[in-house]
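Trainee: Could we go through this model together, with you telling me what stands behind each label?

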Amino acid sequence: MHRLAFSKADTAKFISHLDLMRTFQRSFLRAGIAIKHTEGFNPHAFVSIPLPLSVGFSSGCEVLECQVLDTPLEEVPARMNAALPAGITVHRCYEGVRPVKELAYVNYIVTLEYEAGAPFGAESAIRSLLERPSLVMEKRSKKAKSGKVEVDLIPLIARADVEERRDTIALDLILKAQNPGLNPELVVAAIRANCPDAAPDYTVFHRRAGLADPVQPWDERKTRLPPRRKSIFVTDPAGPRPPDGSCGTPCPSGRAGRGSTGRTHRCTAARRPPPETEFPRPAGGGR
Amino acid sequence: MNRTLEHILPRVQKPARYTGGEYNAVVKDRRSVDVRYALCFPDTYEIGMSNLGMRILYGVMNQMDGVWCERVFAPWGDMEEEMRREGILLYGLESGDSIADFDLIGFSLGYEMAYTNVLNMLDLAGLPLRSEERYGLAPIVVAGGTCAYNPEPLAPFVDLFVLGEGEDVSVELIQLYRKAREECWSKEEFLAAAAQVPGIYVPSLYQVSYKPDGTLDQVIPQEGAPAVVTKRIVQDFDKSYFPVKTIVPSTEIVHDRVMLELFRGCIRGCRFCQAGYAYRPVRSRDPEILLKQGIEACKDSGYQEMTLSSLSTSDYRPLEHLCDGLLEWCEPNKVSLSLPSLRADNFSLGLMERVQHVRKSGLTFAPEAGTQRLRDAITKPVPEEDLLRTRRTAMSRGWPSVKLYFMLGLPTETDEDVLGIADLAEKVYRAWKETTPNPKRGVNITVSTAWFVPKPHTAFQWEPQISMEEYQRRVKLLREHMKGRSIKYNWHDSQTSFLEAVFARGDRKVAQVIETAWREGAKFDAWSEYFDFDRWQAAFAACGVDPAFYANRTREKDERLPWDVTSVGVSKDFLWRERQRAYQAVITPDCRVQCTGCGANKLCPGGKCDA
């Protein structure tokens, strides 16, 4: 199973999930890239997007699964980008390794915009809201008889950083991705319901990364998780490193990377805090 | 993207239709263009993007250096509300710029019920509705399309109408516009010069007066404008522009496929059909060119469906050869071909089988009238034996469902003709019973009737539309006689057809009613979510206009008709002769059997049409 890593931005944000799949099917044809079709009476090109994105969200880390038949994978991104509509950019095409069910968390940047500037006290109100032991909201559900179901948000939030900027408040959220997943819109709805003074006039949602657990990227060489804002390491706690710039430790992902010394390479491990540092546990809420 | 637009879009349905950014959408650098054209379709994105004419004009104008043509569609109610509240004016999809700043704004008028949307879009753009309230050269409001053949109901709002095929005349109009701007003409000077371009009708240059009985008295052209404006056609259909590289929408639209235009015009001359007359003379495209265009368009777009479109595809002489060529490419590339508008005969059946080999969907026939007598009167060439024979063959080969389309209210129709529809449906059912290999499977026969609307530039342009009560009586009569569980009967809503009849043959007095109704909230009249007949009745009353005067009145032979100022090439005498023959139930042979002198051939170079 091959995977396309792509981003969705600008005008393409509003293309729905189904329309996006159809757009990709047509783009493969336009690019002259043959992909596997389904069997059966009405065969169509097989494409699958494991974690659908809500309409209106932008994303830098989308994944499309398909089976490319006769084109070398390195050629795929350039040819696809020439055939895709504005706002969709394929970054790379690779052989998928990690199964989708290990995509456990998603990192969202949610920007709350306020026309008259962030209200006084909004940042701390939101922070304390997300630090509560439990936060229950009603969500629409097709399965429930009444059409609604109650869900506690806190266990589904692995990390929540709240930072106020001049006119906006930025939430850096790591939320559970599936079984069950949490849509950040529900987090914003919780803010509207519980801290009405902090309710934004408008919200921008951006999906930054898919994660296997709150710190490790799900798929190899995904976008690096930037350092936590409040903890900047001046010195590398892991000690002195080899002169070739690699981190000196065998890479946990097992890849013989691009580093000149073979089994070691410069990777995110160097920038991650050492394992002893505490990470917030889901039940404890964000920092 | 505009920040306010980004704030609004998550709140509306199907936001992707308001963003642009589709594959092959033409984006030019604002600074490098000197003419900006807003091509407006007065309906939603899904409907407008399915329109081939829009794509053709879009491509023709964007091919011109220094011209940027952008698309504009009518925003749905929820989006319109947001736009008005946030102060966003109607914008072009490609740039996001407000179209009030453009040079030319062109409306494509495909059907009469879109007229209130035209006004609504002008208002949303922030422009005055009336031509006389817009000063200066920019923007000039232009309109074209089928409804432009009777432009009078929109005359006060539109600066100039383009009649006929716009591929050549749009280019000429833009060049004239450039000259006017360079030499600093006034708007009046520009319009007077535009009226001299063949195919352009400038309503403000015609003084219209009425007789005491309400009919037209005189229409006096000023400033040297022509007494009659004749439509334009492309000189060489083979060479005329076809959008091989066309926009592929990222969201779902109604007709999402490659459309190949086989030929324009129609040899049949069905007396009720405006398109058949209006697109004459008949001109076909060379099949080799079509083959090339079709395959290239599929490759460029990634579409997996292709339609061969024309008014009567069976009449395209090299049809089999073209289908062979297309199928040779389409089958291995998994592109499915569809051929609507085929005649009900065995040849077409064989063709359809080859083309639709994956799944046999239903067959559709349009006999239009229930009895042979009436079919002869309207010159619809569907002999009953042919229809039944084809049905038998179709059913034995496994086509399980059939749709039959008819019209009620055709001239010379009697109750006997109405009941003929029920008879025909019954015969089709019996034919199925006789020939089906699988009776347990059942059959779906759907009969649909529409209320006939007489259209300008047809043989029936003098006829009255039957009254609403009479239409409903005939529907009831038919319903009572339509028996059988396998036969389903759908009848078309009457109120929009009545308004269509008013607008189709209306004059300038109707324009005031349209504006009044719009001010009261009328828009999207073709959509049941918005159409409100009471509002229209109130608008007619408020303006002192009687709609029955336009819809239900028989015109006299020598009455001056509002659309006499335009010509589609077919002479009025020919149409009157056809009308007389209809009343005598005499068939006029089709153009291939014998040329009947309609007059359209004079538009062709050399005076010879391609029938």
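Mentor: Happy to! Keep in mind that this is a predicted model.

Trainee: Then let me begin with strand β3 of chain B. What makes it mostly covered?

Mentor: The strand spans residues 104-108, and five of its five residues are buried. Buried stands for a relative accessible area under 20%. On one side you find B:Leu104, B:Gly106 and B:Ser108, on the other B:Ile105 and B:Phe107, and with all of them buried both faces of β3(B) are covered.

Trainee: How do you know that β1(B) pairs with β3(B)?

Mentor: Pairing needs at least two bridges, and four bridges join β1(B), residues 35-41, to β3(B). Those two strands run parallel. If you want a place to look, B:Tyr37 stands opposite B:Leu104.

Trainee: And what makes β3(B) and β4(B) a pair?

Mentor: The cut-off is again at least two bridges, and here there are five, in the parallel sense. β4(B) covers residues 140-144, and B:Val141 in that strand is the bridge partner of B:Ile105.

Trainee: On to charges. Why is the contact of B:Arg36 and B:Asp97 called a salt bridge?

Mentor: The rule asks for a side-chain nitrogen of Lys or Arg within 4 Å of a carboxyl oxygen of Asp or Glu. The closest N and O atoms of B:Arg36 and B:Asp97 are 2.9 Å apart, so the pair meets the rule. B:Arg36 belongs to β1(B) and B:Asp97 to the loop between α4 and β3, so the pair ties together parts that are 61 residues apart in sequence. Over all chains, the structure holds 62 salt bridges.

Trainee: How do you know that B:Arg36 is buried?

Mentor: Its relative accessible area is 12%, and the cut-off is under 20%, so B:Arg36 counts as buried.

Trainee: B:Glu80 and B:Arg84 are a salt bridge too, at 3.0 Å from N to O. What separates them along helix α4(B)?

Mentor: About one helical turn, since they are four residues apart in that helix. B:Glu80 is buried at 6%. B:Arg84, at 40%, counts as partly exposed, because that label covers values between 20% and 50%.

Trainee: Which domains does chain B have, and what lies between them?

Mentor: The assignment gives domain 1 (3-230) and domain 2 (236-359 + 571-611). Each contributes 24 residues to the contact. About 2,200 Å² is buried between them, with 60% of it from carbon and sulfur atoms, and the rule finds three salt bridges across this interface.

Trainee: What makes the bond from B:Ala138 to B:Pro139 worth a look?

Mentor: That peptide bond is cis, with omega near -10°, and B:Pro139 lies in the loop between α5 and β4. Most peptide bonds are trans. Another cis bond joins B:Arg280 and B:Pro281, with omega about 5°.

Trainee: And what is the phi of B:Thr379?

Mentor: Near 60°, a positive value in a residue other than glycine. Most residues of that kind have a negative phi. B:Thr379 is buried at 6%. B:Thr412 also has a positive phi, about 70°, but is partly exposed at 21%.

Key. Residues numbered from 1 in each chain as written. Chains lettered and ligands numbered in written order. Predicted model: local features only at pLDDT ≥ 70, side-chain atom pairs only at ≥ 80, totals over all residues. Heavy atoms only, no water. Buried < 20%, exposed > 50% of the residue type's maximum accessible area, 1.4 Å probe, protein only. Domains from an automatic or database assignment. Contact = heavy atoms within 4.5 Å. Buried area = accessible area lost by both parts, 1.4 Å probe.
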